[in-house]
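The following report takes a predicted model and describes part of its fold. Please keep the structure at hand while reading.

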Amino acid sequence: MPVSLPALPWPENAFEPYTSARTISFHYGKHHKAYVDNLNKLIAGTPQDNRSLEEIIRFAAADPSRAAIFNNAAQVWNHTFFWHCMKPGGGGKPAGDVLRAIDEGLGGYEKFVEQFKAAATGRFGSGWAWLIIEGAALKIISTPNAENPLAKGQKALLTCDVWEHAYYLDYQNRRPDFVQAFIDHLINWDFVAENLR
Ligand code: MN3
């Protein structure tokens, strides 16, 4: 039972002008799809091809000799999660339970923005910025390359892809401008609220 490429939750042009249809088309249709295809090649005919994606990630994270499986499996999961972290007309200050959690856990929305931007722009090279829960604590972290909270026993609430392929066609070297647009116009706080429950 191969791992499949899930459908996008919105049209590819849903985030113009903050992220172009061209960026989404390459990011989903080439990058995300390649991780799915590579993973399926790596697990074909092994016990992993009957496991869930989450199980494959935990299996592969346990042993450095499984790095190729880990990298592709985690990138499949990270991208599917990332697509749900964005919605048309999203971004800006959240409300309700999410805002309460951010107020209590991070000291307010302005602190969230400051820390999330620092995690996203401060990540050297390729990686991800995350809002997570570890134990009972709300935290902002960044991970390199394919690494994700799932493999560390943390719960992911929100992520932003800061690999160059996520923004280079639209922003070139200006990663901070992409991150600002993500925060102001793209974040799907409804999805964060579901993850918080
Ligand atoms: Mn990506």
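At what angle do helix α4 and α8 pack, and how far apart are their axes?

## Packing of α4 and α8

Helix α4, which spans residues 96–106, packs with α8 at an angle of about 75°, and the two axes are 8 Å apart. Since angles of 65 to 115 degrees count as roughly perpendicular, α4 and α8 are therefore roughly perpendicular to each other.

The contact brings D97, V98, A101 and I102 of α4 together with W189, V192, A193 and L196 of α8. By class, the residues of this contact of α4 with α8 comprise 7 nonpolar and 1 charged, with no polar residue.

## N195 within α8

Helix α8 covers residues 189–196 and includes N195. Because its relative accessibility is 11%, and buried means under 20%, N195 counts as buried. Leaving aside residues up to four places away in sequence, N195 touches F81, K155, A156 and L157.

An open sheet is formed by 3 strands in the order β2-β1-β3, with antiparallel pairing. The edges are taken by β2 (137–144) and β3 (155–161), each of which has a single partner strand, so one side of each is left without a neighbour in the sheet. From one strand to the next, the twist averages 20°.

Strand β1, residues 127–134, runs antiparallel to β3 and is joined to β3 by 6 bridges; L131 stands opposite L158 in β3. Across β1 and β3 lies helix α3 (residues 67–84), running at about 85° to β3.

Technical notes:
Residues numbered from 1 in each chain as written. Predicted model: local features only at pLDDT ≥ 70, side-chain atom pairs only at ≥ 80, totals over all residues. Heavy atoms only, no water. Helix = DSSP H or I, 4+ residues; strand = E, 2+ residues; numbered from the N terminus. Buried < 20%, exposed > 50% of the residue type's maximum accessible area, 1.4 Å probe, protein only. Contact = heavy atoms within 4.5 Å. Pairing = 2+ DSSP bridges. Axes fitted to C-alpha atoms, helices over the stretch in contact; angles between N-to-C directions. Parallel < 35°, antiparallel > 145°, perpendicular 65-115°, else oblique. Nonpolar A, V, L, I, M, F, W, Y, C, P; charged D, E, K, R; others polar.
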